[in-house]
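Visitor: I'm new to this one, and I'd like to learn how to read it. Could you walk me through it, a feature at a time?

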Amino acid sequence: MSTAVADRELTAMDRCDSCGAQAYVRVVLESSGGELAFCAHHARKVEARLRPLAASWQDETARLHEPAAPAAAD
């Protein structure tokens, strides 16, 4: 597994593999090194099945509770 993948913060461009919403969880599978991305909802839904198969579980769902950044003035 590349450390660049594990260390990179998820952005609005990262989409859930289940529904297409913004991803807040990245899972790297131990056996294949494949990567999956999930929104908070779908991550909770598959966590019990995928955790045992995961080499890493990057959870950024705490960002959902952060205040929005103020818009820049023109």
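Guide: Let's begin with what gets called a helix or a strand: helices (H or I, at least four residues) and strands (E, at least two) are DSSP runs, numbered from the N terminus. Two strands pair if DSSP finds at least two bridges between them. In the hairpin of β1 and β2, five residues lie between the strands, and there Gly 33 takes a positive phi near 75°.

Visitor: Before we go on, what sort of model is this?

Guide: It's a predicted model: local features need pLDDT of at least 70, side-chain atom pairs count only at pLDDT 80 or more, and totals for chains, interfaces and linings use all residues. Residues are numbered from 1 along each chain as its sequence is written, and side-chain values use heavy atoms, with hydrogens and water left out.

Visitor: How many helices and strands are there in the protein?

Guide: You'll find two helices and three strands. Starting at the N terminus, the order of elements is α-β-β-α-β.

Visitor: How do I read the sheet, and in what order do its strands come?

Guide: Follow the pairings from strand to strand. Here the three strands form an open sheet in the order β2-β1-β3, with antiparallel pairing. β2 (35–38) and β3 (54–59) each have a single partner strand and stand at the edges, so one side of each has no neighbour in the sheet. For angles, axes are lines fitted to C-alpha atoms (for helices over the stretch in contact), and angles run from 0 to 180 degrees between N-to-C directions. Ignoring direction, neighbouring strands of this sheet are turned by 15° against each other on average.

Visitor: Which residues face each other across the strands?

Guide: β1 and β2 pair over four bridges in the antiparallel sense, with Val 27 standing opposite Leu 36 in β2. Strand β1 (residues 25–29) is also joined to β3 by five bridges, again antiparallel. On that side, Val 27 has Trp 57 as its bridge partner, and Val 28 has Ser 56.

Visitor: How do I tell whether a strand is buried or exposed?

Guide: Buried means under 20% relative accessible area, exposed over 50%, and partly exposed in between (1.4 Å probe, protein chains only). Five of the five residues of β1 are buried, so this strand is largely enclosed by the rest of the structure. In a regular strand the side chains alternate between the two faces of the sheet. Both faces of β1 are covered, with Val 25, Val 27 and Leu 29 buried on one side and Arg 26 and Val 28 buried on the other. Over the whole protein, 31% of the 74 residues count as buried.

Visitor: Which residues make up the largest nonpolar core?

Guide: A nonpolar core is a set of buried Ala, Val, Leu, Ile, Met, Phe, Trp, Tyr and Cys residues joined through side-chain atoms within 4.5 Å. The largest one here has 11 residues, including Cys 16, Phe 38, Cys 39 and Trp 57. β1, α2 and β3 each supply at least two of its residues.

Visitor: Tell me about Cys 39. Where is it placed?

Guide: Cys 39 sits in the loop between β2 and α2. Its relative accessible area is 8%, so it's buried. The C-alpha atoms of Cys 39 and Cys 19 are separated by 8.0 Å, with the two residues 20 apart along the chain.

Visitor: And what does the side chain of Asp 14 reach?

Guide: A polar contact is a pair of N or O atoms within 3.5 Å; within protein, one must be able to donate a hydrogen and the other to accept it, and residues adjacent in sequence count only if both atoms are side-chain atoms. Asp 14's side chain reaches the backbone nitrogen of Thr 11 at 2.7 Å, and a polar contact of 3.1 Å joins it to the side chain of Arg 8. Asp 14 lies in the loop between α1 (3–7) and β1, and is buried at a relative accessible area of 15%.
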